Amino acid sequence: VNTELTLAKQVVRRWKMHRHALTALADKLPESGASWRPWPEAMSTLELVYHLAWTPDVFIAAIEGRERRIPPIPSTLQEARALLAQLTKEHGDKLAGFDDTLLRKQTTITLSAGTITEPGVEILHRIIGHEAHHKGQLFTYARLLNVAELPFYVDLSV
Ligand code: NI
């Protein structure tokens, strides 16, 4: 890792390794599997792609001290992929612009499992954990939807 990078750019680089693989995975998902879910209370394939697309804003909003922006749920996987592409750009640009002073400040975030206060950069690292968790689920969805060829779990070219 290039230690000349700002804290934000180090986080963005790691996030994009996962995000590029997620985008390649999402490209493989069949539209016919959009509403499929592995058990009754699980997110559907479409809901899982949507969830992955917008949730970086949960963490970005905590850093910026504002309300979360939740886009409307797409009606097709094709639309979900377009939303994923759009928000990957928006979130990537936003994350890369955070300066080290801001990311060293104590920041509070409330997640479904509890409330945490920690430096902003630690909150940004949680985006990567969240992404890796759900991307792993989506790989299993793809297998169960009989997608034969899947990408590697991270993009090594990032
Ligand atoms: Ni989640």
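Tutor: Start with the packing of helix α2. Its buried residues pack against α1, α3 (56-64), α4 (77-96) and α6. Helices here are DSSP runs of H or I, at least four residues long, numbered from the N terminus. Buried means under 20% relative accessible area, exposed over 50%, and partly exposed in between, with a 1.4 Å probe and protein chains only.

A word on the source. This is a predicted model, in which local features need pLDDT of at least 70 and side-chain atom pairs count only at pLDDT 80 or more, while totals for chains, interfaces and linings use all residues. Residues are numbered from 1 along each chain as its sequence is written, and side-chain values use heavy atoms, with hydrogens and water left out.

Back to α2. The helix is mostly covered, with nine of its 10 residues buried. Those are T45, L46, L48, V49, Y50, H51, L52, A53 and W54.

Now the rings. The structure holds three aromatic pairs. Rings of Phe, Tyr and Trp (its six-membered ring) pair if their centres lie within 6.5 Å; planes under 30 degrees apart count as stacked, over 60 as edge-to-face and the rest as tilted. Y50 and W54 form a tilted pair, because their ring centres are 6.4 Å apart and their planes stand at 50°. Both residues sit in α2 (residues 45-54), four residues apart, about one turn of the helix. An α-helix has 3.6 residues a turn, so residues three or four places apart point the same way. Y50 and W54 are both buried.

At 0% relative accessibility, R19 counts as buried. Contact means heavy atoms within 4.5 Å. Leaving aside neighbours within four places in sequence, R19 is in contact with L52, A53, P56, L84, T88 and E131. Among these, L52 and A53 are buried residues of α2.

The side chains of R19 and T88 make a polar contact at 2.7 Å. A polar contact is a pair of N or O atoms within 3.5 Å; within protein, one must be able to donate a hydrogen and the other to accept it, and residues adjacent in sequence count only if both atoms are side-chain atoms. T88 lies in helix α4. Its relative accessible area is 15%, so T88 is buried. The T88 side chain also reaches the backbone oxygen of L84, at 2.6 Å. Beyond neighbours within four places in sequence, T88 is in contact with W15 and R19.

Note on methods
Helices (H or I, at least four residues) and strands (E, at least two) are DSSP runs, numbered from the N terminus.
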